[in-house]
Amino acid sequence: MQDFNETFDFVIVGSGGGSMCAALVMRERGKSAIVLEKTDMVGGTTALSGGVMWIPNNRFLKRDRVEDSFEKASLYLDILVGDNDDTPGASRERRSTYLAHAPEMIEFLIGQGIKFDRVRHWPDYNDELPGGLEEGRTVTAQLFDINRLGPWRDKLRRGFLPLPATNEEAFELPYYKQSWRSKMIVLKVGIRSVLARLTGRQLAARGTALQGRMLEAALAAGVDIRTDHPVSELIVENGKVAGILTTRDGKEWRIGARLGVLVNAGGFACNQEMRDRYQPGTSKNWTMAAEGDTGEMIQEMMRHGGAIAQMEEMIGHQLTIPPGAEQAQFKPSAQALTGSPHCILIDRAGVRYMNEAGSYMAYCQGILARDRQVPANPSWAVFDALCMRRYMVAGTMPGSKKPQSWYDSGFLRTGETVEDLARSIECDPAQLSATIDRFNRFVRNGRDEDFQRGDRAYDRWLGDPFHKPSPSLGTIEEGPFYAIPVVPGDVGTYGGVVTDVHARVLREDGSLIEGLYATGVSTASVMGRSYPGGGASVGPSFVWGYVAARHAAETAQ
Ligand SMILES: Cc1cc2nc3c(=O)[nH]c(=O)nc-3n(C[C@H](O)[C@H](O)[C@H](O)COP(=O)(O)OP(=O)(O)OC[C@H]3O[C@@H](n4cnc5c(N)ncnc54)[C@H](O)[C@@H]3O)c2cc1C
């Protein structure tokens with residue numbers, strides 16, 4: 001019998017998405033729960049994120065009379081994700097469990113006082129498929145006053161875009177020059193910001209609001225939350241995971257778990273050794289995941305026999321990293337730029353090879369797949385003077401003067417003509433001219449015959465709503481011409497241990513590791529090798545945390 005320093009009903013490793021949700025389930029059932037976080041901040045990558053969850057058939061869709069159902073979402077996932085032997089995390093049974101429990105989990109959290117809404121227009125990333133939803137299925141937390149956390153305020157990890165603007169409002173901000181509606185939104189957010197300051201509130205949005213609200217609810221429910229508590233080992237007793245080993249004030253500390261241990265310790269985005277092994281061609285310098293995403297709990301679960309799958313997959317996010325931004329947590333995205341009219345992505349030979357408006361995961365899969373055939377990592381985003389004037393480039397405002405270091409370092413390449421640009425990026429001028437002529441012809445004919453960019457609602461949503469006739473397609477013809485490198489960055493990894501419909505960790509032979517549950521990106525995603533819509537990582541982290549805690553509590557009863 002192990003000699004534990006303390007014992008709780010449920011021990012949760014990591015303070016990310018599903019952790020506090022699982023802890024709240026336990027508390028609601030009168031069980032004790034502890035969340036152990038190894039860094040000095042609560043919230044994980046979830047707190048850094050856009051904070052949206054992909055929740056089909058949710059109450060906000062019903063409220064807004066958007067037609068959705070379990071069957072519709074199921075059809076969508078059947079086609080997009082499919083049944084494959086090499087994606088056990090995304091088995092049909094697990095997909096169905098996810099779809100059944102996702103809206104229920106949201107109802108549970110609303111009952112716990114968490115305030116949500118939906119983002120009104122965030123199309124599914126393959127909305128063209130049967131069951132895909134043009135309006136999207138994203139659920140997000142309402143703005144949150146961080147000061148409500150009292151002494152925990154400074155322990156909450158902070159996300160990108162520290163503005164008191166909802167996702168919907170934030171999407172409109174870049175168009176303030178073109179639209180009165182956007183100007184009004186700028187004004188509204190400005191007034192909200194001033195009022196908040198005058199009334200002593202610190203309003204957060206997105207992942208910070210989500211995790212702030214979850215932390216507030218968890219503390220109020222009596223969940224024990226500890227930062228600076230890295231978990232290094234799972235403790236097994238009589239063949240069952242019975243606790244964990246952590247450190248407290250520099251000394252070993254053993255915590256027992258009566259009903260089970262839930263691992264929600266993120267993926268391995270910041271572990272280059274694991275990346276080289278499972279995801280060659282990617283780099284920890286290109287991730288925006290939080291620094292604690294180092295994979296040791298996946299390795300610890302493997303040590304106890306946990307099967308792993310989908311380890312090659314990451315939630316790719318196309319990045320363009322100018323000099324000086326290499327160490328930044330939030331590196332400039334190339335998503336909006338290459339999804340805008342007047343811009344395309346090419347490999348190093350000057351050939352266009354994808355729909356630049358695909359999901360960020362598909363986009364980066366595309367770069368890596370291309371690079372296995374011909375040099376394409378990094379690829380080049382190629383655009384013209386009109387694009388430069390109208391759209392943000394690597395985090396700088398439309399039309400603004402670009403830093404001299406961009407030119408000096410070779411980050412930003414230019415040419416008065418397409419041929420000049422080709423020489424500057426060392427590709428065949430005839431090839432680049434042919435690529436651009438072909439694209440321009442498609443634009444003039446109104447259809448991208450090669451990659452169908454602009455056909456989906458999602459492609460158009462990513463583009464410029466004020467660009468006519470297509471928000472997605474525009475010619476590249478006004479010199480000077482520009483190119484910047486695009487790399488397959490990411491916002492996290494997407495593979496890990498294989499879990500069953502109750503979020504229990506499985507061995508290779510399909511048997512259970514008793515007492516061990518896992519959720520989030522520590523696991524092989526229920527979405528397989530696909531990203532069906534905004535929130536396809538945070539949503540599952542919450543849902544499987546909810547499912548795991550319910551199972552553990554109910555089994556005990
Ligand atoms: C800028 C950005 C925007 C994004 N936007 C979205 C979005 O809107 N929707 C979406 O679905 N996804 C989004 N993503 C991806 C998403 O945020 C992550 O994939 C997701 O949050 C992972 O959640 P998780 O619960 O699995 O892990 P996390 O939230 O990362 O939590 C894991 C926690 O475990 C801790 N930990 C690790 N090891 C240990 C250990 N040994 N002991 C104790 N603690 C440990 C870590 O420090 C971390 O705090 C975004 C990511 C970024 C960077």
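**Entry 1: β17 and its partners**

I began with strand β13 (residues 314-319), which pairs with β17 in the antiparallel sense over five bridges. I noted the rule: two strands pair if DSSP finds at least two bridges between them. Strands here are DSSP runs of E with at least two residues, helices are runs of H or I with at least four, and both are numbered from the N terminus. This is a predicted model, where local features need pLDDT of at least 70 and side-chain atom pairs count only at pLDDT 80 or more, while totals for chains, interfaces and linings use all residues. Residues are numbered from 1 along each chain as its sequence is written.

I looked for a contact point between the two strands. H317 stands opposite G489 in β17.

Next I checked strand β15 (residues 379-384). β15 and β17 pair in the antiparallel sense over six bridges. V382 has A483 in β17 as its bridge partner.

Then came strand β16 (residues 413-415). β16 also pairs with β17 in the antiparallel sense, over three bridges. Here R413 has A483 as its bridge partner in β17.

How many residues of β17 are buried? I found 13 of the 13, so β17 is largely enclosed by the rest of the structure. Buried means that 20 or more other C-beta atoms lie within 10 Å of the residue's own; exposed means 12 or fewer, partly exposed is in between, and C-beta atoms are placed from the backbone.

**Entry 2: β14, next to β15**

I followed β15 to another partner. Four bridges join β14 to β15, and the two run antiparallel. I346 has W380 in β15 as its bridge partner.

In a regular strand the side chains alternate between the two faces of the sheet. I looked at strand β14 (residues 343-346) for this. C343 and L345 point one way, I344 and I346 the other way, and all are buried.

**Entry 3: the ligand shell**

I counted what lies around the ligand. There are 43 residues, and the closest are G14, G16, G44, G292 and G520. A residue is near a molecule if its C-beta atom, placed from the backbone, lies within 6 Å of it.

Which elements give two or more residues to this shell? They are α1 (17-28), α2 (44-48), α10 (296-303), β17 (481-493) and α18 (538-556). α2 gives the most, with four residues.

I also sorted the shell by class: 17 nonpolar, 22 polar and four charged residues. Ala, Val, Leu, Ile, Met, Phe, Trp, Tyr, Cys and Pro count as nonpolar, Asp, Glu, Lys and Arg as charged, and the others, Gly among them, as polar.

**Entry 4: helix α1**

I asked whether α1 is mostly covered or open. It is mostly covered, with 11 of its 12 residues buried. Among them are G17, M20, L24 and R27. After α1 comes G30, with a positive phi near 75°.

I then checked α1 against helix α8 (residues 206-220). Their axes come within 10 Å and cross at roughly 30°. The crossing is left-handed.

**Entry 5: a three-stranded sheet**

Last, I found three strands in an open sheet, in the order β3-β5-β4, with antiparallel pairing. β3 (52-54) and β4 (116-118) are the edge strands, and each pairs on one side only. β4 and strand β5 (residues 138-141) pair over three bridges. R118 has V139 in β5 as its bridge partner.

Conventions: Axes are lines fitted to C-alpha atoms, for helices over the stretch in contact, and angles run from 0 to 180 degrees between N-to-C directions. A crossing is left-handed if the near helix is turned anticlockwise from the far one by less than a right angle, and right-handed if clockwise.
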